[in-house]
Amino acid sequence: MTIKKKPTGPALITLQNVEKHYGDYHALRGINLEIGTGEFFSLLGPSGCGKTTLLRTIAGFEDYDSGYVLISGRDMRGVPANKRPTNMVFQSYAIFPHLTVLQNVAFGLRKSPMSKAEKTKAAEDALEMVGLKGYGHRAAHALSGGQRQRVALARALVLKPKVLLLDEPLSALDRKMREQMQVELIKLQREVGITFILVTHDQEEALVMSDRIAVMFEGEIVQCDDPEVLYRRPKSKRVADFIGVMNFLPATVSEENGTYIASVAGLGEAEITEGQCPAGVPLGEATVGFRPETLTILYEGQTATHREAPAKVEEVVYYGDMTYYDVRFEGVEKPVRISMRNIFGRDVLDVGASARVSWSPGALVVFGADQ
Amino acid sequence: MKSLKTYAILYLIFLYAPIFLLPLFAFNSSTVIAFPLTSFTTEWFTTLLTLTEMHGALLNSLKIALTSAVLATILGIFAAMAATRYTFPGQKGIMGFIMLPLVLPEIIVAVSLLIVILRMGFNTGAWSVIAGHTLICTPFAIAILQSAFASLDPSLEEAAYDLGETPASTFRLVTLPLVMPGIISALLISFTISMDEFIIAFFLTGAEPTLPVYLFSMMRFPKLLPAVMALGTILVVLSVLLIVIAEFFRRRGAKRAGLKDTGGFL
């Protein structure tokens, strides 16, 4: 789903050991981050994880107890929001309801030395960029959700900030509109080349849009990687569970002559590499994770490309293009989810049917018992 | 169902019939306030024009109402901002305490103010009525303005600040225009309350009576009673007009800010 990574410039924003407390509540725990010029960066986490606080700290709306926030190498401590080279798109869009669309977009240009005609031109160009050409004279309060979103973007981008901060910008839109805006935002970001920092709780949105994603839990960044690595090699079971669907099976890991062998319940033994253990090789008790799409149910006459294990179908969820099967391997307590693309002419299996499941040792991710 | 309907109608008659009697007798040619009506006249309104003392009282009332309304609204803005934009220890208690004059018997307020003023060695006058009226109008202004400030999305102010404005210019360019309907509404309601208020004015007015106090003193002259009715008619019409205008602004403000109507005084 990810549109291919593009090279990003040197670090534009650097956060070093940023700490913040609200009374007894530890909102940000030792945040270290480097965000590059022109990067589309996402802060992803469940609500209350501190992602919005972190964004507002970069914007200058929140103070922090200790640590450093640098933008272009400049320490931002004591620099208020109105003096920072950042602009924000608010969750509620914060469109000024008493102004027209054009006045909203030109709002930030009030103090600029440009002439009035130049300001109008700049605002109109920004509106055109977000696909609202000719909307300038409409009343802002009469716009739809998607249009407000675009006005908010134009209003922030017209100032040519170094960083655009987006606080859950798509959460108020319906699904269709959201998917459309995701693609538009990616295009827009490439066009303007400005660093975007997006806050979202929607893992799919983060995967689709970002060059890199920082996953936050309880005020802490637990993993920061590009979407593919994050999806394939999550560093903990919690991250794995938060991003997409991950099946877990108990296993034991042992070492023989420098190679690691994982003995997985229901699947059997498999050789694994260090690369499959993102948080280090856990010898002894371990948990093995694998994505639903890495398993395939074999049909009659098909042979496994890698390994094969027998299982029983317990649940079938038909989605049209896809079918989700919950199958149970022999000697395993919990069922495992498999997602299969439906192929015309091939019947969906029934509940209770026996199935041969093909699996690949290379697709496994191995976690320690406490990871 | 039917009995409820009858009840509602009777209730409305009970509420409004006395007020409808005002214009009825204001346009009736007899000096005696009694049925049957005699004939239509506008004579009593002309009489009003000749009562110079009343003109003084009216002017006095307008002055007092205008000043009290402005003072109450300014105080109301501060209080409403404190209540909605900040949190501080004891906030709820303090806000409740500020709203207390809303339920305090006016006679108590009037007597205590009178005692305090006289004890301090001052004379009563227009200024003491203004002080009393500001006291009773402020809670109304706060109630209206608090809902205006509360319905203002704080991220609007943050957005303006983020776009390079200072806190002062943010207030001028964003906050003030958006709460303006609330401010106008608070001004008009405070003005109306002060204009109609009798008890505090009666105690604290000194040598120059306000219109309601003057009206009360006119009651002693039966000859002038129809003129009082005429004056009352004018006051009722003006009061209703002001309240309607105030509500109009409040609703327009709510609509502009894209909010659901949360009710007001009407």
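Predicted model: local features only at pLDDT ≥ 70, side-chain atom pairs only at ≥ 80, totals over all residues.
Entry 1. A residue counts as buried if 20 or more other C-beta atoms lie within 10 Å of its own, as exposed if 12 or fewer do, and as partly exposed in between. For K160(A) I noted 13 other C-beta atoms within 10 Å, so K160(A) is partly exposed. I found K160(A) in the loop of chain A between α4 (145-157) and β7 (163-167). I also looked up the phi of K160(A), which is near 50°, a positive value in a residue other than glycine.

Entry 2. I then turned to S72(A), where phi is near 50°, again a positive value in a residue that is not glycine. S72(A) sits in the loop of chain A that runs between β4 (66-71) and β5 (74-75). Is S72(A) buried, exposed or partly exposed? I noted 14 other C-beta atoms within 10 Å, so S72(A) is partly exposed.

Entry 3. Next I looked up Q189(A), which belongs to helix α5 (residues 175-192) of chain A. Q189(A) has 22 other C-beta atoms within 10 Å, and the cut-off for buried is 20 or more, so Q189(A) is buried. Which residues does Q189(A) touch, if those up to four places away in sequence are not counted? I listed F40(A), I194(A) and F196(A). I also took the C-alpha to C-alpha distance from Q189(A) to M209(A): it is 9.9 Å, with the two residues 20 apart in sequence.

Entry 4. I went on to chain A as a whole. I noted eight helices and 20 strands in chain A. The C-alpha trace of chain A spans about 75 × 50 × 35 Å along its principal axes. Chain A has 371 residues, and 42% of them count as buried. I also looked at contacts in chain A between residues at least 6 apart in sequence; 69% of these join residues at least 24 apart.

Entry 5. I looked for the nonpolar cores. The largest has 154 residues. Among the residues with the most contacts inside this core are V105(A), A154(A), I197(A) and L145(B). Apart from this core lies another, of eight residues, which include F25(B), W44(B), V228(B) and A230(B). I then went back to V105(A) and left aside its neighbours within four places in sequence. V105(A) is in contact with A123(A), A126(A), L127(A), V151(A), A154(A), R155(A) and V158(A).

Entry 6. I checked where the chains meet. How many residues of chain A are in contact with chain B? I noted 17 residues of chain A, in contact with 17 residues of chain B. The side of chain A that touches chain B has ten nonpolar, six polar and one charged residues.

Entry 7. My last entry is on a helix pair in chain B. Helix α5 (residues 106-119) and helix α6 (residues 126-150) of chain B pack at an angle of about 140°, and their axes are 11 Å apart. Angles over 145 degrees count as roughly antiparallel, and α5(B) and α6(B) are therefore oblique to each other. The crossing in which α5(B) passes α6(B) is right-handed. From α5(B) I listed E106(B), V109(B), A110(B), L113(B) and I117(B), which meet S128(B), A131(B), G132(B), L135(B) and I136(B) in α6(B). By class, this contact of α5(B) with α6(B) has seven nonpolar, two polar and one charged residues.

Notes: Residues numbered from 1 in each chain as written. Chains lettered and ligands numbered in written order. Core = buried A, V, L, I, M, F, W, Y, C linked by C-beta atoms within 7 Å. Contact = placed C-beta atoms within 7 Å. Helix = DSSP H or I, 4+ residues; strand = E, 2+ residues; numbered from the N terminus. Axes fitted to C-alpha atoms, helices over the stretch in contact; angles between N-to-C directions. Parallel < 35°, antiparallel > 145°, perpendicular 65-115°, else oblique. Left-handed = near helix turned anticlockwise from the far one by under 90°. Nonpolar A, V, L, I, M, F, W, Y, C, P; charged D, E, K, R; others polar.
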